[in-house]
Amino acid sequence: MCSILTKVRPIHRAVALSLRLGASSECSRYAATQSRRLSRGVNSVVDPLRINARFYCSRTAKTEGLLFRQLFEVESCTYTYLLADTKTKEAIIIDPVLETIDRDLNLVMELGLKLTLAVNTHCHADHITSSGLMKKRVSGLKSAISKWSGASADILLSEGDKLAFGKHYLTVRETPGHTDGCTTFVSADESMVFTGDSLLIRGCGRTDFQQGCAKCLYDSIHDKIFTLPDNCLIYPAHDYLGQTVSTVSEERKFNPRLTKSKDEFVEIMNNLNLPKPFKIDISVPANLVCGLHGL
C-alpha cells in the first residue's frame, strides 16, 4: 500500500473529516462516528484546514511503461488521477479539482508530461472541476465527460470509447445510478479501474438526487465493475476515511451495501437520509459548463 504524504497531523485530519462529513455526498454514519471519536479533546480554536496541505500517493502502476499518480483534495475528499505513457509523455487527468489546479499542473510540468485530456467521471455535486480552466492554461488540452451527463465538453463519451495516451488507453464503461452520466474507466490490461462515485471503498455513491436510481446503480456495479478480474485495483473518486485503493475481490466480499440483494440494496439507499452536498448549488451549474460558470 502507498503512504499518504502530509504535513497535517492525524488528529487534525480527523477534525477536517468531521467538518466535511455533514456536507459530503457519500459519507456514512460510521465515518461520522469515527471522526467524532478521534477528534475528542481537540481545542476548539484549532483550524485543521488552516494549512492548505495537499496529499498525493506515488504508487507505481502494475502496467509496464505507465506512470500513475493518485492525488487528493482535502476539502471535498476527492481523488484526482494522473496517468501517462513513460515513453511518449502523453498524459490524461481524471476528476481534476479547481482548488488544486496549480498543484496538478506543477506536477505535470515537473514530470515533463504533455497533458492531452482532462476527463470527469460525472457531473460532480461537491466540487468544481478544473478541466475548463486547465484548457485555458494548457495548449491543446481537451475535456471529456459522458454524453448522458448533460454537461458540455470537447469529447462526449459513450460505452466502449477509448481514452488513449501514448500506447496506453482506458476503456469507457457506462455505470449510471449515482447520476445518469456516471462513467467508469478501465485500463487496457484490466489491472486498474477508476470508478468515480459509482463504487467507493466499502460504499457507493448516493442515489437520491441528480437522476439517481438505486436499481440502476446496483446493476451497473455488478455488471460493469464486479465482472472485472479479482485483483483489479479499484480507485474511487472519493474516500472519507483515508483509504486509497481496494480490489474487485475485496468489494465483492466486503462492501456492506453491495453484498446485499438488489431489494435490500434499494432499501438501504432509500433510507440514508443524508444532507445534500454543501456545494451542490454552485458545483452543478459550474460543472455543466466545464467548471467555468462565474469564472
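Visitor: What percentage of the residues in the protein chain is buried?
Guide: Of the 295 residues in the protein chain, 56% are buried. Keep in mind that this is a predicted model.

Visitor: Okay. How many helices and strands does the chain have?
Guide: The secondary structure comes to eight helices and 15 strands.

Visitor: And what about contacts along the chain, what share of them join residues at least 24 apart?
Guide: Counting contacts between residues at least 6 apart in sequence, 65% join residues at least 24 apart.

Visitor: Is the crossing left-handed or right-handed?
Guide: The crossing of α5 and α7 is right-handed.

Visitor: Which residues meet there?
Guide: From α5 you have A214, K215, L217, Y218 and D219, and they meet K262, F265, V266 and M269 of α7. Sorted by class, this contact has six nonpolar residues, three charged ones and no polar ones.

Visitor: What does C216 touch, if you leave aside its neighbours within four places in sequence?
Guide: C216 is in contact with P176 and G177. P176 is 40 residues away from C216 in sequence, yet their C-alpha atoms are 6.2 Å apart in space.

Visitor: Switching topic: where is H238?
Guide: H238 sits in the loop between β14 (233-236) and β15 (246-247).

Visitor: Is H238 buried or exposed?
Guide: Buried, because its relative accessible area is 1%, and the cut-off for buried is under 20%.

Visitor: Which side chains does the side chain of H238 make polar contacts with?
Guide: One is the side chain of T78, at 3.3 Å. Another is the side chain of D126, at 3.2 Å.

Visitor: How about T184, buried or exposed?
Guide: T184 counts as buried, at 0% relative accessibility. You'll find T184 in strand β10 (residues 183-187).

Visitor: What does T184 touch?
Guide: Not counting residues up to four places away in sequence, T184 touches T171, V172, R173, T175, V193, F194, T195 and I225. With T175 there is a polar contact between the two side chains, at 3.0 Å.

Visitor: Back to helices. Which residues of α3 are buried?
Guide: In α3 (residues 101-110), the buried ones are I101, R103, D104, L105, L107 and V108.

Visitor: Which residues have a positive phi although they are not glycines?
Guide: K89 is one of them, with a phi of about 70°. N273 is another, with a phi of about 55°.

Visitor: Where are K89 and N273 found?
Guide: K89 is in the loop between β3 (78-85) and β4 (90-94), and N273 is in the loop between α7 (262-269) and α8 (280-287). K89 counts as partly exposed, at 32% relative accessibility, while N273 is exposed, with a relative accessible area of 66%.

Visitor: Last one: what is E250 in contact with, leaving aside its neighbours within four places in sequence?
Guide: E250 is in contact with R202 and N255. E250 belongs to helix α6 (residues 248-254) and is partly exposed, at 28% relative accessibility. Between E250 and D230 there are 8.0 Å from C-alpha to C-alpha, with the two 20 residues apart in sequence.

Key. Residues are numbered from 1 along each chain as its sequence is written. This is a predicted model: local features need pLDDT of at least 70, side-chain atom pairs count only at pLDDT 80 or more; totals for chains, interfaces and linings use all residues. Side-chain values use heavy atoms; hydrogens and water are left out. Helices (H or I, at least four residues) and strands (E, at least two) are DSSP runs, numbered from the N terminus. Buried means under 20% relative accessible area, exposed over 50%, partly exposed in between (1.4 Å probe, protein chains only). A crossing is left-handed if the near helix is turned anticlockwise from the far one by less than a right angle, and right-handed if clockwise. Contact means heavy atoms within 4.5 Å. Ala, Val, Leu, Ile, Met, Phe, Trp, Tyr, Cys and Pro count as nonpolar, Asp, Glu, Lys and Arg as charged, and the others, Gly among them, as polar. A polar contact is a pair of N or O atoms within 3.5 Å; within protein, one must be able to donate a hydrogen and the other to accept it, and residues adjacent in sequence count only if both atoms are side-chain atoms.
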